[in-house]
Amino acid sequence: RYSLFYNHLKNIEESEGGLDKFTKSYKTFGVNQLADGGIYCKEWAPGAEAVFLAGDFNGWNPFSHPYKKLEYGKWELFIPPEDGCSPVPHGSKLKVVIRAQSGALLYRISPWARYVVREEDKVNYDWVHWNPPQSYIHKNPSPKRLKSLRIYESHVGIASPEGKVASYKNFTYNVLPRIKDLGYNCVQLMAIMEHAYYASFGYQVTSFFAASSRYGTPDDLKEMIDVAHSMGITVLLDVVHSHASKNSEDGLNQFDGTDSCFFHSGYRGNHQLWDSRLFDYANWEVLRFLLSNLRMWIEDYRFDGFRFDGVTSMLYHHHGIGTGFSGDYNEYFGLHVDEDALCYLMLANHMINSLHPECITIAEDVSGMPALCRPVAEGGGGFDYRLAMAIPDKWIQIIKELKDEDWNMGNIVHTLTNRRYEEKYIAYAESHDQALVGDKTLAFRLMDAEMYTNMSVLMPLTPVIDRGIQLHKMIRLITHALGGESYLNFMGNEFGHPEWLDFPRIGNNESYHYARRQFNLTEDDLLRYKFLNAFDRDMNRLEERFGWLASPQAYVSEKHEANKVIAFERAGLVFIFNFHPYQSYVDYRVVIWCSSLTVAFKYKILLDSDAGEYGGHQRLDHNTEYFSEEYPHNYRPNSIMV
């Protein structure tokens, strides 16, 4: 794998003048404004017989501005300035006109288009030349690379209680302050790359270089990222390089009239489950396109890194379809692995690490590919983090299938700690996957229909709501503290957002009712959502203070099946969880990790899920001091009574 990567890197150095020049192609491909006011256009269309540029600027004459054919399927066009001004004004509509091998004229959006919009009465998107007289100027530097990542996974369009597509401006001024207050230091943005179908959640990308116009302009997004940086918040992009939409009128598919431009031809170029096109990662121009795409998002918009979606689909020729992964190494090494795709990921991480070492990359891989988060120089994939995707599945399985008294403490701890040595994992109790229609959030699984009637503080606290609120807090804290080297939460789930997430579509009469986040629920003092919100905030603030995510993996001292107690230490803190459905304990002895005691350590409660401000029963006195003693317990010499 490293040899394949090195050969690609060597070829880039020899034929393209280096990785820096190769990945700057976003500044020359597409339609670009020159300093003298002229326009330079460049496209890759190997299957085209001829290429033209048409638009408002030439009265939509399809033949007046032909491209010149270059080597290797490239085409270029230079349009001189007119009286020192651009011949293609800002805001004018454009199309690349392709004469296919069949002789047909195809009107296409450039794969490198920076801004595409759809008018309300139209089905397809239009390419709009984006070259404002004054682009947004970033005022704030990017935050330094974080040691502890607390990620708030977000979708701009649903980030409002109102039933509509919310805007970048709304996110900037209404949501970012909330994220900051909750103690998250990183926001991961979904559905930013332009996608024609809103209900695809942004995972059927049509224009890879365009920020989605349904939320506002490119400058609105730049301002949003700049304001986040002013708050010390790192901003990651959910990047989709695993596949592309099948749209041809306003997407990449059949750009030059063939099915092999950017993608594998035939069966290999189609994803059976996603009904989308699959990139040919062995193709030189595909590498240029995808690597330049990453660099553009970093340098133009100031994104601080990426969460790569669908990495499992990229890594294997079977795309993970109908395949289980047990951890056997034969599952990760063999002819079923797509080495070209893996090499692309190595190149992407190498480029990012070389040119922008402060940036972060995350892999969404369910297979557990070994060394995916080790440096490329070791033959690894080069990612900084991978998602711990087994954890949310485990919580769902426990809640769905087991009675409270049957919860297995050892199995919970195993799932939370089962990760490869020196590969960093992002732990999460639930993400957007669990919020989507057809699934249920943890809060909804725990409390279900009673969330509609019994979340008011004026109503008696029912057993269902009581259990749901307490377990919601405990599940999040133990996942946060034990499950990885970073933590992620999907927007709204921190306070137990009711119901599911469903985008407007034919099946729901194009309704926006479930495509929103009801942040207002946490601001109503008469509703119990405020308790969950407050606990999530203080949990994050405690991590900020002690930094357990950046600390070595926890020492687990107790997994008591009868008592339903889990205890562990991390970052100098002692975490104790009582999952027993009805049993409390007095004078409970817990191990503390220290090799010898010359003086007794004093402990105090820092965070208590049973506290009144979190909707608990206030059974613990926070003024109590606990002292360690040389009393052997669970094979360790020192312990405390709590």
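Does R150 count as buried or exposed?

Modeller: R150 counts as buried, because its relative accessibility is 3%. Here buried means under 20% relative accessible area, exposed means over 50%, and partly exposed lies in between, calculated with a 1.4 Å probe and protein chains only. The model is a predicted one, in which local features need pLDDT of at least 70 and side-chain atom pairs count only at pLDDT 80 or more, while totals for chains, interfaces and linings use all residues. Residues are numbered from 1 along each chain as its sequence is written, and side-chain values use heavy atoms, with hydrogens and water left out.

The side chain of R150 meets that of E544 in a salt bridge, with 2.4 Å from N to O. R150 belongs to strand β10 (residues 149-155) and E544 to helix α13 (residues 529-546), so this pair ties together parts that are 394 residues apart in sequence. Helices (H or I, at least four residues) and strands (E, at least two) are DSSP runs, numbered from the N terminus. A salt bridge is a side-chain nitrogen of Lys or Arg within 4 Å of a carboxyl oxygen of Asp or Glu. Whereas R150 is buried, E544 counts as exposed at 53% relative accessibility.

The structure holds 39 salt bridges. One of them joins the side chains of E285 and R288 at 2.7 Å, N to O. Both residues lie in helix α5 (residues 284-299), three residues apart, about one turn of the helix. E285 is buried at 7% relative accessibility, and R288 is buried at 5%. Another bridge brings together the side chains of D404 and R467, also with an N to O distance of 2.7 Å. This pair links distant parts of the chain, 63 residues apart: D404 sits in the loop between α8 (390-401) and α9 (409-417), and R467 in helix α12 (residues 463-482). D404 counts as buried at 18% relative accessibility, while R467 is partly exposed at 28%. Salt bridges that share partners also join E16, K74, E285 and R288 into one network.

The annotated positions complete the picture. In an unreviewed entry, UniProt lists D309 and E364 under "active site". Although they span 56 residues in sequence, no two of their C-alpha atoms are more than 5.5 Å apart, so they gather at one spot. UniProt positions are given in the numbering used here, feature names are shortened, and annotations may be inferred rather than shown by experiment.

D309 lies in the loop between β17 (305-308) and α6 (311-315) and is buried at 8% relative accessibility. Not counting residues up to four places away in sequence, D309 touches several residues, including Y203, D238 and E364; contact means heavy atoms within 4.5 Å. The side chain of D309 also makes a polar contact with the side chain of R307 at 2.8 Å. A polar contact is a pair of N or O atoms within 3.5 Å; within protein, one must be able to donate a hydrogen and the other to accept it, and residues adjacent in sequence count only if both atoms are side-chain atoms.

E364 is placed in the loop between β18 (360-363) and β19 (385-387) and is buried, with a relative accessible area of 13%. The side chain of E364 reaches the backbone nitrogen of G310 at 2.7 Å.
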